[in-house]
Amino acid sequence: MAAVQGHLSNGADGADGPDGADPADGDGTPPAFRHAVAGLCAVRPRPEVELSPTPPPRRLAPFSYALEAVVAADTADDEDQDEELAEGRLILLHDPAGHDSWRGTFRLVTLVHADLEPEMAADPLLPEVCWSWLTGALEARGVPYRRPSGTVTRASSHYFGGIGEREPSTRIEIRASWTPGEPPGAPGRAERLRPERGAGPAAEAAGVPDTAAHLAAWCDLLCQIAGLPPAGAAEAGVVSLPQRRGPQPR
């Protein structure tokens with residue numbers, strides 16, 4: 001899959017960047033944020049995951065960038081039609097002045113949901129397990145993070161009347177946020193906010209979290225909640241949900 005590029009939200013004027021524009025462009029956008037967005041845009045997930053830019057929220061932080069994702073697999077009886085197994089949204093927030101509740105200048109926010117098989121939906125420990133998938137995905141990728149918070153919601157639907165023939169269904173939803181840690185040896189906040197004149201791209205990128213690794217971990221979470229098997233060594237030791245309704249990934 002090609003790298004994704006898309007919408008930037010600049011809280012200073014509330015304007016979105018043009019779809020498909022280089023995220024490194026943009027007057028008034030902090031260099032740290034541009035580097036963080038460039039890291040997101042460079043990620044190429046496994047084939048079952050389709051990433052695309054989406055308009056970000058404008059009031060959560062001065063600067064924001066958002067991606068949405070769908071995990072799909074070929075259906076057993078129609079190779080030209082994919083079955084959506086899970087979907088989600090990931091938002092990168094940036095406040096150059098810092099945020100007390102974040103304990104940093106960046107924050108990642110996500111919403112992930114998927115339908116579950118009845119035997120999994122009945123597991124009383126399912127919320128705790130799903131939350132551990134999020135933290136486990138980050139730890140498996142070796143990315144530092146702090147101050148995680150969120151909810152895991154399990155919602156069951158039963159059908160009546162004209163649609164009473166449908167089987168009951170259960171959907172799991174994860175809403176979470178965390179502060180991405182900075183790479184080891186990153187400079188302090190004062191140094192980051194006052195880079196030397198003419199220091200160049202390397203100095204501008206100092207202290208920027210490894211957003212590519214965080215996005216890769218988030219894609220791992222999506223695949224896990226979708227029931228896909230691990231893609232390779234990076235997911236070794238991770239236990240996924242049983243595959244749902246037949247389709248096996250290519």
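Which residue forms a salt bridge with Arg175?

## Basis of the report

This is a predicted model, in which local features need pLDDT of at least 70 and side-chain atom pairs count only at pLDDT 80 or more, while totals for chains, interfaces and linings use all residues. Residues are numbered from 1 along each chain as its sequence is written, and side-chain values use heavy atoms, with hydrogens and water left out.

## Salt bridges in the structure

Side chains of opposite charge can pair when their charged atoms come close. A salt bridge is defined as a side-chain nitrogen of Lys or Arg within 4 Å of a carboxyl oxygen of Asp or Glu. Across the whole structure, 5 salt bridges are found.

One of them joins Arg175 to Glu173, with 2.9 Å between the closest N and O atoms.

## A buried pair

Arg46 and Glu48 form a salt bridge through their side chains, at 2.9 Å from N to O. Both of these residues are buried.

## A link between two strands

Asp115 and Arg171 form a salt bridge whose closest N and O atoms lie 3.1 Å apart. This pair links distant parts of the chain, 56 residues apart: Asp115 belongs to strand β6 (residues 104-116) and Arg171 to strand β8 (residues 169-180). Strands here are DSSP runs (E, at least two residues), numbered from the N terminus.

Asp115 is partly exposed, with a relative accessible area of 29%, and Arg171 is partly exposed at 33%. Together with Glu87, Asp115 and Arg171 are linked in a network of salt bridges.

Notes: Buried < 20%, exposed > 50% of the residue type's maximum accessible area, 1.4 Å probe, protein only. Helix = DSSP H or I, 4+ residues; strand = E, 2+ residues; numbered from the N terminus.
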